[in-house]
Amino acid sequence: MSIQHFINSFDEAIADEKLLKVERWMIPNPYFIRGDYTISEAAQVVDQLRVDFMPVVDKMNRPIGVLTTKLLLHHFLINKNMDEKVLNQISEQNFSQVRCDDTLLDIHLLSCEHFLVVDEQDKLIGVLEREDLIKGLSKYVRESIESENNTGILRVILESAYEGIAVVDDQGILLEFNEAYSRFTGIKREDAVGRPVTEVIENTKLHITVKTAIPERGVLQNIQGQSMVVHRIPIWNKDRIVGEIGMLIFEGVTELYHMYERLQKNKIREEIREQPFMVKSQQTVKTTLDQIVGVSESTSNVKRLARKTAKSFAPVLITGESGTGKELYAKSIHNLSSFSSGPFISLNCGAIPEHLFESELFGYEEGAFTGAKKNGKPGKFELAQNGTLFLDEIGEMPLTMQIKLLRVLQEKEVVRIGGVKNYEMNVRIIAATNRNLMEMVEMGEFREDQYFRINVIELPIPPLRKRKEDIPPLISHYVKEVCNKFQTPEKMFTSAAVSAFMNYHWRGNVRELVNTIEKLVTLVDGTVIDTHHLPYNMVKETGHISGVSDELNQKSNLLDKAKSLGNEREKELILTALVQTAGNKSKAADQLGIHRTTLYQKLKKFNIRYTECSPNTTIYIQKCSVRTTFSSYITVNAHSPYWHVICIYTCEDKKRRNQDG
Ligand SMILES: Nc1ncnc2c1ncn2[C@@H]1O[C@H](COP(=O)(O)OP(=O)(O)OP(=O)(O)O)[C@@H](O)[C@H]1O
């Protein structure tokens with residue numbers, strides 16, 4: 001039974017009573033004539049009242065027939081005796097006797113034109129003509145059609161809701177289960193409807209609250225290992241509970257944490273004002289799956305798999321293009337797992353020079369090698385003890401290192417470089433890559449045994465262009481977040497701009513989308529973001545051509561533009577960004593509009609080594625190419641409040657400058 005049928009079943013009674021009942025359509029307390037009236041008297045009454053017919057009753061007011069104008073006319077023309085009793089003229093019963101609570105559906109097949117309505121004593125209380133009956137029936141049919149349409153509308157509403165919606169009857173049997181709920185639980189609507197809600201929704205209380213009839217709003221319910229905000233709303237019909245609606249709010253918990261965090265921050269700010277030397281507490285919001293925005297079927301599937309994965313101890317390999325949210329999923333799995341009370345330690349395998357890999361992973365003891373720190377240094381495995389070690393960009397791990405990692409994963413023991421003591425390891429491993437590891441195995445670039453060791457459970461995240469339904473909620477989420485961050489009035493996208501976003505290829509996936517929104521929110525004046533504000537590459541690709549904002553396009557991915565100018569310009573931009581950010585690679589990557597990992601790959605590609613230096617010195621960037629030893633020097637003025645590039649010049653320039661003195 002659908003929700004509309006469910007509601008209909010209650011409405012039906014009302015419809016029967018109100019719409020289909022004879023009482024609703026009859027003319028109550030009608031005029032009538034007695035059977036002992038003469039034809040002449042009856043004709044006068046009919047003429048005075050200007051009616052087409054009159055019910056005829058006996059002395060007890062019980063109907064005995066219907067006198068029509070047709071019958072009167074026939075009498076004048078044929079019989080001509082005006083003193084005849086009406087009673088004698090109605091030879092056949094030319095009416096049907098019905099009751100108030102009969103329905104039009106019950107009586108419409110009776111073959112007569114006039115219906116005389118009687119009470120329990122069979123006394124006349126109303127009349128109904130066939131014309132009224134047809135009117136009543138057609139209204140009923142019209143309303144039924146409308147209600148069928150309403151069912152369609154109701155279904156669209158249910159299916160487009162981001163919230164999970166479930167409806168139970170007063171026995172706790174599921175009558176409705178929308179697509180969002182189905183995606184979240186992985187149970188199809190057709191398998192859910194008709195079953196007790198307790199068999200379908202984990203930890204549900206709908207079957208209980210439908211009995212108590214107390215609405216519950218914003219309560220926490222643990223479903224599939226995750227705290228969710230739910231509302232439970234009873235459905236009343238007259239003075240009886242006939243069912244209950246359950247709503248599952250996906251983004252609620254994080255929003256609550258954010259509110260809590262904001263309140264905490266305010267509180268701390270006030271406390272600091274009172275006690276300036278107080279140590280500030282570290283309150284951070286934990287990443288959970290409900291922070292992963294998306295309503296597409298594939299996102300729901302990945303989230304469901306992630307929830308299941310979190311419950312196991314097996315290593316997970318998260319695959320997907322850059323910017324699809326692999327790290328976000330890794331953190332969510334950690335926070336849902338039994339390792340959540342331990343640390344989440346991340347290691348970007350693409351960002352570590354080969355010779356430092358071993359010490360980064362396993363740590364070293366004091367004096368293990370020249371330059372080793374006093375007291376040694378713990379490795380990432382040790383730091384991640386009782387928690388999760390996230391090996392990002394695992395495809396970039398050198399083969400020699402893979403062998404060592406494999407041994408640790410098999411033996412579950414770690415020894416620091418230069419050490420003798422074994423540390424027993426209790427660490428959950430989550431690896432991620434944007435490369436095709438299987439292909440790498442075939443090419444001999446990745447060890448097969450390692451591949452199978454880390455890939456016990458694979459969590460593939462589809463690129464954003466393959467889950468376009470996620471784009472509108474991502475826009476709305478990030479516009480709000482960015483406006484909040486920059487304290488600007490909330491902006492909105494036109495539907496054309498949203499559609500351009502949906503048609504764009506998003507090679508950088510969600511990261512690129514977030515960066516684009518940040519640029520748009522920052523640079524667009526006014527509160528409406530339309531297609532003419534969109535970056536040129538997007539407008540070009542999606543065909544939304546109209547006046548493109550130059551300002552925005554100048555700032556859009558600097559590196560993309562540099563690429564078209566050739567390697568040298570690209571290199572120059574990278575160097576400039578590095579200098580301007582004093583060697584902070586994350587900030588430099590941000591400035592260039594690329595991910596940190598991409599920056600590391602580019603540094604590798606161009607063989608750039610950045611050497612940090614003290615203020616007021618020449619920053620020296622070495623490039624070990626085949627042809628020249630040193631090719632770029634950058635001079636910075638470290639006296640100014642901001643480090644800025646004065647010039648970039650090559651070794652030839654330097655030689656020339658030296659010659660010029
Ligand atoms: N579904 C999502 N909902 C909300 N934010 C998302 C989602 N997916 C990704 N993001 C955001 O996009 C950015 C990139 O995500 P993340 O770093 O997890 O991607 P990644 O796949 O690990 O990238 P890379 O392979 O380049 O390291 C982050 O700011 C993250 O918060």
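## Reading strands, helices and a ligand shell

Q: How many bridges join strand E2 (residues 33-34) to E3, and do they run parallel or antiparallel?
A: E2 and E3 are joined by 2 bridges, and they run parallel. Look for arginine 34: valine 57 in E3 stands opposite. Keep in mind that this is a predicted model.

Q: What pairs with E3 in the antiparallel sense?
A: Strand E4 (residues 63-68) does, over 5 bridges. Here phenylalanine 53 faces threonine 68 in E4.

Q: Which residue takes a positive phi in the hairpin of E3 and E4?
A: Asparagine 61, with a phi near 65 degrees. The hairpin has 5 residues between the strands.

Q: Why is strand E3 (residues 53-57) described as largely enclosed by the rest of the structure?
A: Count neighbours. A residue is buried if 20 or more other C-beta atoms lie within 10 Å of its own. In E3, 4 of the 5 residues are buried, so the strand is largely enclosed.

Q: What is the strand order in the open sheet of 4 strands?
A: The order is E1-E7-E6-E5, and the pairing is mixed. Strand E1 (27-28) and strand E5 (96-99) are the edges, each pairing on one side only.

Q: In what sense do E5 and strand E6 (residues 114-118) pair, parallel or antiparallel?
A: Parallel, over 4 bridges. Valine 98 has valine 117 in E6 as its bridge partner. Arginine 99 stands opposite valine 118 in E6.

Q: In what sense do E6 and strand E7 (residues 124-129) pair?
A: Antiparallel, over 5 bridges. Valine 117 bridges to glycine 126 in E7. E6 and E7 form a hairpin with 5 residues between them. In its turn, aspartate 122 has a positive phi of about 65 degrees.

Q: Is serine 300 buried or exposed?
A: Buried, because it has 20 C-beta neighbours inside 10 Å. Serine 300 lies in helix H13 (residues 297-311). Leaving aside neighbours within four places in sequence, it is in contact with Arg183 and Phe184. Serine 300 and tyrosine 181 are 119 residues apart in sequence, while their C-alpha atoms are 9.9 Å apart in space.

Q: What share of the contacts with a separation of 6 or more joins residues 24 or more positions apart?
A: The share is 60%. As for secondary structure, the protein has 29 helices and 27 strands.

Q: Which residues come nearest the ligand?
A: Ser322, Gly325, Lys326, Glu327 and Val510, out of 19 residues around the ligand. Sort that shell by residue class: 6 are nonpolar, 9 polar and 4 charged.

Q: Which helices each supply at least two residues of the shell?
A: Helix H14 (326-336) and helix H22 (509-523).

Conventions: Residues are numbered from 1 along each chain as its sequence is written. This is a predicted model: local features need pLDDT of at least 70, side-chain atom pairs count only at pLDDT 80 or more; totals for chains, interfaces and linings use all residues. A residue is near a molecule or strand if its C-beta atom, placed from the backbone, lies within 6 Å of it. Ala, Val, Leu, Ile, Met, Phe, Trp, Tyr, Cys and Pro count as nonpolar, Asp, Glu, Lys and Arg as charged, and the others, Gly among them, as polar. Two residues are in contact if their C-beta atoms, placed from the backbone, lie within 7 Å. A residue is buried if 20 or more other C-beta atoms lie within 10 Å of its own, exposed if 12 or fewer, and partly exposed in between; C-beta atoms are placed from the backbone. Two strands pair if DSSP finds at least two bridges between them.
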